[in-house]
Amino acid sequence: MMQRILIIEDEVAIAELQKDYLELHGFSVDMSHSGGEGLDLALERAYDLIILDLQLPEIDGFELCRQIRRAKDVPILIVSAKKEEIDKIRGFGLGADDFITKPFSPNELVARSKAHLARYERFLGKNKALEEIRIRELTIDKASRRVYVHGKEVIFTAKEFDLLVYLAANPNRVFSKDDLFERIWGLESAGDIATVTVHIRRIREKIEADPSNPQFIETIWGAGYRFTV
Ligand code: CA
């Protein structure tokens, strides 16, 4: 998929130079020559990277940076004639990812754009990893609340799912039935700790190859349950 970049720059010749170079390297590029329109575009459309001038009509680049950063997780590169160190520091403080001073080398702009795009992709990949628990043949997708065994989806009730995630997210720790009941059922407590036993049994039937000899959720006699990794 083509990555989309927004350039907010009031000097048309500079904006077009940036656009040409980025398009040459396979990016899809939108331009805006004013702070107000630039902000609308940045907030309304999905961009992979935003290139920002500081001195702009209507809304200046610092304010744009602050507002975009508050709403979106997207790399922001400032390209500006302002050379003062204090401006750089202010830009970084407002959430800019990089600061390039004019006159700039278009190739450097492209190189830095690519570097920031790659860094954000790694960051997003890591977030995805946090949303997914994979242990042997078991995959738990926390974002979509789905469970897979050997890649095949297994249907879980809400409480079964919550209980499984809680145990799997705290591996090799023993939890008593009371702990688990309080954690998963909490105040709604329409039931008692026998509910925990019933749910553990159902989860085992769904994820264990042999529920009578569980490999994931072990019973620790007299203590409770342990998710073994
Ligand atoms: Ca300007």
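Colleague: Is D53 buried or exposed?
Modeller: Buried means under 20% relative accessible area, exposed over 50%, partly exposed in between (1.4 Å probe, protein chains only). D53 has a relative accessible area of 2%, so this residue is buried.

Colleague: What kind of model is this?
Modeller: Residues are numbered from 1 along each chain as its sequence is written, and side-chain values use heavy atoms, without hydrogens or water. Local features need pLDDT of at least 70, side-chain atom pairs count only at pLDDT 80 or more, and totals for chains, interfaces and linings use all residues, since this model is predicted.

Colleague: Which residues are the protein donors of the calcium ion?
Modeller: A donor here is an N, O or S atom within 2.8 Å of the metal (3.2 Å for Na, K and Ca); water is not among the atoms, so sites may look incomplete. The donors lie 2.1 to 2.3 Å from the calcium ion.

Colleague: What is the relative accessible area of Q55?
Modeller: Q55 is partly exposed, with a relative accessible area of 48%.

Colleague: How many aromatic pairs does the structure hold?
Modeller: Rings of Phe, Tyr and Trp (its six-membered ring) pair if their centres lie within 6.5 Å. The structure's count of such pairs is three.

Colleague: Are F181 and W185 stacked or edge-to-face?
Modeller: Planes under 30 degrees apart count as stacked, over 60 as edge-to-face and the rest as tilted. The ring centres of F181 and W185 are 5.7 Å apart. Their planes meet at 15°, so the pair is stacked.

Colleague: Which helix holds both F181 and W185?
Modeller: A helix is a DSSP run of H or I, at least four residues, numbered from the N terminus. F181 and W185 are four residues apart, about one turn of the helix. F181 is buried at 10% relative accessibility, and W185 is buried at 8%. Both lie in helix 7 (residues 177-185).

Colleague: Which residue lies over the face of F156?
Modeller: A charge sits over a ring if NZ of Lys or CZ of Arg is within 6 Å of the ring centre and within 35 degrees of the ring normal. At 5.1 Å from the ring centre of F156 lies K206.

Colleague: How far apart are the C-alpha centres of domain 1 and domain 2?
Modeller: The bounds come from an automatic or database domain assignment. That assignment gives domain 1 (4-127) and domain 2 (155-227). Their C-alpha centres are separated by 49 Å.

How values were computed. Helices (H or I, at least four residues) and strands (E, at least two) are DSSP runs, numbered from the N terminus.
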